[in-house]
Amino acid sequence: MDGQKNVSTAMFEQLSTEDSQIRLNRDMAQSTTSKLFERENFESGSLCPPISETENRSRPLGVALFGFGRAGHIHFGNIIKNRQLELLWIVDLDWKKAEDSLVAERVNTAKVVTPDHMNKVLEDDRVDVVIVATPTPTHEDIVREALLAHKGVFCEKPIAKTLEDTASLYDEAERVGKPLYCAFQRRFDPSLRSLHERVMHGDIGKIHVIKSCSRDSPLPAVEFLKTSGGIFHDCGVHDIDVICWMVGEAPVSVYATAHSFIPSLAEIGELDTVAIVLKFPSGVIATVDLSRLAVYGYDQRLEVFGDQGMITAQNRSPTTLSRAVANGVSSDPIDYSFHSRYREAYEYELDHFVEVLKGSRECEISRHDVLLAIGIADACEMSYKSGHTVLIDTDFTKPDRV
């Protein structure tokens, strides 16, 4: 095997033409990536170190927001509502759009600069935290530079392109003693959080099956999809994280199949429809149903079935109104996009990160959680490309939380 391959491909090795499965290359994994998953690296004191005592001031924490697109605008609204935060900088190519928003919201504490003035922002001692919501390919460099400037970092996923690069950023965060948070916001959704609490409480007994459905709306722009990292890492990684969180284990195997139905996506080699099956050591079977476009709205459902019952998180509508007439019953459409469906989750995850920065909470999204989700997404992509099941070596993918 070529030693120069990145960890996403070097982790896997096809056993033989007769073997219908692909197994994680244990020797390669142990020699190059076993430390990525070692439990001892994720003790409670090193998950997300808080800001130092000298920085735990009574003033609001200073924020620099990198990126003012869809996710950036969501974070902008939550930052200016949060009394524990003070927006100081917005960094974006479209400086006019950002300045107009500052004027509209009457925010007079912040300045807008383009990315070529990034160093000026990171050299500002008033900045305690950098929030990264820029295009995916830029995340790693911004995160690394922010950590080197001794800033806490909140980053939209992925924080880097590969498993190995992601691990190196967490190493850097530990070295400088600053928290690094990867935004798996669904864990902070009130419905999913309540579902998790009930499952952990044993309300449905032993889990047998989990079904997750995530269908996008509206269809993302082709230019975005070209740099999104693909449907497994852009979409499926969220479902993978939530499922592992619910089960409290890493899967032992994954199988994925997919297709491109939408011509504009097929032209750029982008998948739009995916089915994933994950098998866990406890016997739990989980399925993930992904689509890039649901014409009826942002379809987000989760079902957990156990030997004592079932709990589901259903789609939401902006209102609870229903209309009953002679030819049937109708209700308002479900939420149109991720912005409205996970509005509270985005707000609550930022509140959580503020508590982590101040040292009053341990970060709920650990280094291990992030590496595990990325590794499984890599395995899903490998399964799709090979047409085989991928076995995951649980000797070095031990969950640090149940």
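# Salt bridges, core and cavities in a predicted model

Me: How far apart are the closest N and O atoms in the salt bridge between Glu344 and Arg316?
Reply: Keep in mind that we're looking at a predicted model. Glu344 sits in helix 13 (residues 343–357) and Arg316 in the loop between strand 14 and strand 15, so this pair links parts of the chain 28 residues apart. A salt bridge here needs a side-chain nitrogen within 4 Å of a carboxyl oxygen. For Glu344 and Arg316, the closest N and O atoms are apart by 3.1 Å.

Me: Is Glu344 buried, partly exposed or exposed?
Reply: Buried means under 20% relative accessible area and exposed means over 50%. Glu344 comes in at 24%.

Me: Which residue pairs with Glu223 in a salt bridge?
Reply: Side chains of opposite charge can pair when their charged atoms come close. Glu223 is exposed, with a relative accessible area of 54%. Its closest N and O contact is 3.2 Å, and the partner is Lys226.

Me: How many salt bridges does the structure hold?
Reply: The pairs above, such as Glu223 with Lys226, belong to that count. The total for the structure is 25.

Me: Is Asp234 buried or exposed?
Reply: Asp234 lies in helix 10. Leaving out residues up to four places away in sequence, Asp234 touches Lys157, Phe224, Ser228 and Arg292. Its relative accessibility is 12%, which is under the 20% cut-off, so Asp234 counts as buried.

Me: How far apart are the C-alpha atoms of Leu225 and Ile268?
Reply: Leu225 is in helix 9 and is buried at 1% relative accessibility. Beyond four places in sequence, Leu225 touches Pro220, Leu265, Ile268, Glu270 and Arg292. Leu225 and Ile268 are 43 residues apart along the chain, yet their C-alpha atoms are separated by 8.9 Å.

Me: How much space lies in the largest pocket?
Reply: The lining divides into 17 nonpolar, 13 polar and 11 charged residues. The space in this largest pocket is about 1000 Å³.

Me: Which residues of the lining are closest to the centre of the largest pocket?
Reply: The pocket holds about 1000 Å³ of space. Its lining has 41 residues, and the ones closest to the centre are Arg70, Ala71, Ala133, Thr134 and Phe224.

Me: What is the volume of the largest cavity?
Reply: A search of the whole structure turns up 4 cavities of 30 Å³ or more. The lining of the largest divides into 6 nonpolar, 3 polar and 4 charged residues. Its volume is about 100 Å³.

Me: Which residues lie nearest the centre of the largest cavity?
Reply: This cavity has a volume of about 100 Å³. It is lined by 13 residues, and nearest its centre lie Arg186, Leu192, Arg301, Leu302 and Tyr342.

Me: What percentage of the residues of the protein chain count as buried?
Reply: The chain comes to 14 helices and 17 strands. Among contacts between residues at least 6 apart in sequence, 73% join residues at least 24 apart. Of its 402 residues, the share that counts as buried is 52%.

Note on methods
Residues numbered from 1 in each chain as written. Predicted model: local features only at pLDDT ≥ 70, side-chain atom pairs only at ≥ 80, totals over all residues. Heavy atoms only, no water. Buried < 20%, exposed > 50% of the residue type's maximum accessible area, 1.4 Å probe, protein only. Helix = DSSP H or I, 4+ residues; strand = E, 2+ residues; numbered from the N terminus. 1 Å grid on protein atoms, 1.4 Å probe; cavity = no way out; pocket = protein on both sides within 12 Å on 5 of 7 lines; lining within 4 Å. Points joined across faces, edges and corners; volume = space filled by probe spheres on them. Nonpolar A, V, L, I, M, F, W, Y, C, P; charged D, E, K, R; others polar. Contact = heavy atoms within 4.5 Å.
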